Amino acid sequence: MTDQQGGVRGWAAGRKGALSRLRFTSLRLRLVVVFGLVALTAAVSASGIAYWLNREAVLTRTQEAVLRDFRQEMHNRAGSLPAHPTQDELQRTAGQMASSSQRFSVLLVAEDATGRTVYGNSGGLNGFELEDVPKTLRAAVIRQQDVTDGNKSPYHLYWQRIVDHGTPYLVAGTKVIGGGPTGYMMKSLEPEAKDLNSLAWSLGIATGLALIGSALLAQAAATTVLKPVHRLGVAASRLGEGKLDTRLRVSGTDELADLSRTFNNAAEALEKRVAEMAARDEASRRFVADMSHELRTPLTAITAVTEVLEEELDSEAGGIDPMIEPAVRLVVSETRRLNNLVENLMEVTRFDAGTARLVLDDVDIADQITACIDARAWLDAVDLDAERGIHARLDPRRLDVILANLIGNALKHGGSPVRVSVRETEDELVIQVQDHGPGIPEDVLPHVFDRFYKASASRPRSDGSGLGLSIAMENAHIHGGEITAANSPEGGAVFTLRLPRDTSPLTEDPEDRAEKDKGSGDGAQGETP
Amino acid sequence: MSPVPSLLLIEDDDAIRTALELSLTRQGHRVATAATGEDGLKLLREQRPDLIVLDVMLPGIDGFEVCRRIRRTDQLPIILLTARSDDIDVVVGLESGADDYVVKPVQGRVLDARIRAVLRRGEREASDSATFGSLVIDRSAMTVTKNGEDLQLTPTELRLLLELSRRPGQALSRQQLLRLVWEHDYLGDSRLVDACVQRLRAKVEDVPSSPTLIRTVRGVGYRLDAPQ
């Protein structure tokens, strides 16, 4: 089937674009076939009936005229012959009979005075002989029938149509009642056959024309049906691609117009729903963004004051009542957590709003990782396998966020030692963070980068904000990179960070920016002498 | 500079102003506060602080505008306090002439460290002078003259120029400069360097758009050259 389709497609493509949609199963082809069959049936039956009726009418008319003539001639001429005519008389009479208006050949058979059978031949038709007359006809002609009420004569006129060398003939014969000669006639029906042939040709051509016409009609009908169907298909696929403003032009009042209208209504409803959902989504995102902004102001005040409290706690003098010391410690630590959470929320909303930007710099990856783990006092817990001298162009702050989240996560769930290894390929930087913990359950693995995903509801509240890995992922994405999580065969979870070595194409080059914006500093400060 | 640094804190939110004042006072600073940009500018004329901590979002004239107005006449160090760490705000802040910025919610210790780092930039060091074309840097007097004319540089700009001039012809990366000049940790914002270089070029270069002194070294950072 596919081969056939392909073949037809290839053939069609070679011919015409419009035919390229022609398939054996296509509506277009089915319509053409059905139209063709209907036209063929109608045309063939109409032509057949017309031909048949015509043929009978023509042949009967010709035949009756000929037979009437023949009968007349037999009566007039053969009937006036003596009972035993001579060969010459018979021959002459045959000639006279044949010269009638119908131009048939005549053969007269009689017995002469000596009892010898004599033949009289009109001479036409290459010598009409008794052998040309079918035996059955001869037998019927010379058979004497009983004269009854229903049958007044002992002999009758019989006729038969024969075909000799492709030419149709009418052969008839009769015997003169009362012992006269037996007469046969033969008339060529070629002119009539020719007429009928040309009639058949005309009817055939008419049938062909009807077929072609029906095929064209079918094409036209298919086009009127299929064009809207095709447009509908195109519109549906555009809608599927997310172009929700796709609409069809509705023309007419037929079922296809109804379908188009239904499609338009559906698309409109869909667009509205999507717009509503987008608006709701946007509103909730803005709410989170606004909320985290609003939280910052009081948090800034609280943070500043908490530090004062913290210093009091740490001071040797012991400035805080031991009774309320745990309360102060709780406030201090929870404020720090709240700070982290708000910080992470801000980060997430920046990614969601698309306002996150890269600030690129050339960094030595090993130095960067060392600084990251050093700043968090993780040097003892992290086993770093990285050579100095691997440089990449990226946003160091974002790399730090990724590393801190990955390593922090590994330390929290896997425990030390955490192994961090750096490899570089031609255009990629691959950093692996591997822990030696129990690994990540298979059902959790796909969700580790989800926001606020907790492996189980019963799990104790962790120190993290629940946003760390998701932020790490977003930071990798903004670099055009990727983080994957997997379980190592020798146990423990492995997070693999892949970053392009040069992220410059993703952002404006800071050096270009410095060159470009040089002038803008002037306006702000002027050249104060 | 007085032994106890005096600061001017311009912040509209009462809670933050009070808390930061408390925190900074405990860190050993003398803190004057203003709730609006207009009040801040007035206070600035009356008593001259060593440094200004300026909130970006202020009623009336905003922090960026306050920063620009101060820079028109004064080279006082300014640290921006921004709740909006959206990158565009930081860029605008740096272009309006701020020396450094901190993002809210800011930890008092971080702010204190930044303040001290900025203040250190103005400290004199006993050293010689260096000449780069028409530019003369007098390290002992902490002055820079161009064609014999005194240049008004902020302490940050001056420190950047000094660090570059200490290693003439040697390229310094942005991270190096951030450590040397801003005393930031390993995660300094390299745009601080870019913004400061732009401002410095506007003052020391003959044609700031085609610098001959402070050259960009692609993929590395910046370098101070004597003009050929």
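Biologist: Leaving aside neighbours within four places in sequence, which residues is Leu54(B) in contact with?

Modeller: Contact here means that the C-beta atoms of two residues, placed from the backbone, lie within 7 Å. By that rule, Leu54(B) is in contact with Ile10(B), Gly63(B), Val66(B), Cys67(B), Ile78(B), Leu80(B) and Leu81(B), leaving aside its neighbours within four places in sequence. Please keep in mind that this is a predicted model: local features need pLDDT of at least 70 and side-chain atom pairs count only at pLDDT 80 or more, while totals for chains, interfaces and linings use all residues. Residues are numbered from 1 along each chain as its sequence is written, and chains are lettered from A and ligands numbered from 1 in the order in which they are written.

Biologist: Which residues touch the most other members of the largest nonpolar core?

Modeller: A nonpolar core is a set of buried Ala, Val, Leu, Ile, Met, Phe, Trp, Tyr and Cys residues joined through C-beta atoms within 7 Å. Buried means that 20 or more other C-beta atoms, placed from the backbone, lie within 10 Å of a residue's own (12 or fewer: exposed; in between: partly exposed). The largest core has 63 residues, and Leu54(B) is one of those touching the most other members, alongside Ile10(B), Ile52(B), Ile78(B), Ile79(B), Leu80(B) and Leu161(B). Its largest share, seven residues, comes from helix α8 (residues 190–204) of chain B. At least three residues come from each of domain 1 (6–121) and domain 2 (129–224) of chain B, with bounds from an automatic or database domain assignment. Another core, of 42 residues, lies apart from this one and includes Val342(A), Val363(A), Ile369(A) and Ile483(A).

Biologist: How many helices and strands does chain A have?

Modeller: Helices (H or I, at least four residues) and strands (E, at least two) are DSSP runs, numbered from the N terminus. Chain A has 13 helices and twelve strands. Of its 529 residues, 26% are buried.

Biologist: In what order do the strands of the five-stranded sheet in chain A stand?

Modeller: Strands of a sheet pair through backbone hydrogen bonds, either parallel or antiparallel. We call two strands paired if DSSP finds at least two bridges between them. Here the order is β2-β1-β5-β4-β3 (chain A), an open sheet with antiparallel pairing. At the edges, β2 (117–121) and β3 (158–164) of chain A each have a single partner strand, so one side of each is left without a neighbour in the sheet. Inspect β1 (residues 105–111) and β5 (residues 182–188) of chain A: five bridges join them, and Val106(A) has Met185(A) as its bridge partner in β5(A).

Biologist: Which strands of that sheet does helix α5 of chain A touch?

Modeller: Helix α5 (residues 135–142) of chain A packs on the sheet and touches β3, β4 (167–175) and β5 of chain A. For directions, lines are fitted to C-alpha atoms, for helices over the stretch in contact, and angles run from 0 to 180 degrees between N-to-C directions. The direction of α5 makes about 20° with that of β4(A).
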